[in-house]
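Please open the model in your viewer and keep the selection tool at hand. The tour moves from one selection to the next and says what is there each time.

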Amino acid sequence: MSKAAFVTDAINLKSYSLSESDKIIVMYSRDKGLIKGVAKGVKKPKSKLGARMDLLVANRLMLYEGRNLNTISQAEAINTFNRTRQDMDKIFYSMYVSEVVNNFGVEDDPCSSAIFDLLYETLSTISNSASKVEILNTVLKFQLKMMRLSGFSLELDKCLCCHKPIEGENMYFSSQIGGVICKTCNEKHGIKTLMHYKLRNFLSVLANTEFDEKSDYEKKSSEKVCLVCFEILKSYINMHSAKKFKSTGILQEVS
Ligand SMILES: [Zn+2]
């Protein structure tokens, strides 16, 4: 029986050793969501797949479908996000966004093209960033957009309980329910994380800004404010992820 072949664009997220010469690559593909493929002979010095199977590389692939695993037959690099490879911050945050996609991505996802494009744009914008603040703003946009695509949108514009729009008011933020609650409603809930209205406005604007646009908020944002937002969103994402995160342990695999 001949195996079915298919072509798709995919970004390498993770890899495992399969044997002395082969690896399994976990990828996010534009057409089929999360996929795994065997890269045969990739550990040999003269492998035809070679560096295209490294982490954080986007390829156009030809794969053969197998019963449990696909086999990668051809790969043509679309983007190696080259400027990421010499910069520890860029590597760290690129690995982080890849891990989020690995943890929330599913096989045969109907949203696969939107998630693929989001990941691709994020990695490419990180790679071309000129400062840490630029990297962080990109990651924040990714976090907000990825949660929206995964069905975990954050409510930042009105109180989750009474639905009153709250503009110039500080309010409480809950990772559990995914958004903000006004002071009056919080008397019943007793949430302790107070969120300054400026932080909330910043996140709300970022959620609706494209990667090639820069809002005034972004231009004025500091590394400190971005890091506070990153931690808030990271803990929200962790809480809703079925798989455990381990970003920092995989740093050495890229460089
Ligand atoms: Zn309320």
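This is a predicted model: local features need pLDDT of at least 70, side-chain atom pairs count only at pLDDT 80 or more; totals for chains, interfaces and linings use all residues.

Residues are numbered from 1 along each chain as its sequence is written, and side-chain values use heavy atoms, with hydrogens and water left out.

Helices (H or I, at least four residues) and strands (E, at least two) are DSSP runs, numbered from the N terminus. Select helix H2 (residues 112-127) together with helix H3 (residues 132-149), whose axes come within 9 Å and cross at roughly 175°. Here axes are lines fitted to C-alpha atoms, for helices over the stretch in contact, and angles run from 0 to 180 degrees between N-to-C directions. The crossing makes H2 roughly antiparallel to H3, because angles over 145 degrees count as roughly antiparallel, those under 35 as roughly parallel, 65 to 115 as roughly perpendicular and the rest as oblique.

Now show the side chains in the contact (heavy atoms within 4.5 Å), which include Leu-118 and Ile-126 of H2 and Phe-142 and Lys-145 of H3. By class, this contact of H2 with H3 has nine nonpolar, three polar and one charged residues, where Ala, Val, Leu, Ile, Met, Phe, Trp, Tyr, Cys and Pro count as nonpolar, Asp, Glu, Lys and Arg as charged, and the others, Gly among them, as polar.

**Aromatic rings**

How many aromatic pairs are there? The count comes to seven, where rings of Phe, Tyr and Trp (its six-membered ring) pair if their centres lie within 6.5 Å, and planes under 30 degrees apart count as stacked, over 60 as edge-to-face and the rest as tilted.

Select Phe-81 and Tyr-120, whose ring centres are 5.5 Å apart with planes at 65°, so the pair is edge-to-face. Phe-81 lies in the loop between strand S5 (70-79) and helix H1 (88-104) and Tyr-120 in helix H2, so the pair ties together parts that are 39 residues apart in sequence. Phe-81 is buried (under 20% relative accessible area, with exposed over 50% and partly exposed in between, 1.4 Å probe, protein chains only), at 3% relative accessibility, whereas Tyr-120 is partly exposed at 23%.

Move on to Tyr-96 and Phe-230, where the ring centres are 5.1 Å apart and the planes are at 75°, so this pair is edge-to-face. The pair links Tyr-96 in helix H1 with Phe-230 in helix H7 (residues 223-240), 134 residues apart.

Finally, find Asp-108 in the loop between H1 and H2, which has a positive phi of about 50° although it is not a glycine. His-163, in the loop between H3 and strand S6 (171-174), has a positive phi of about 65° although it is not a glycine.
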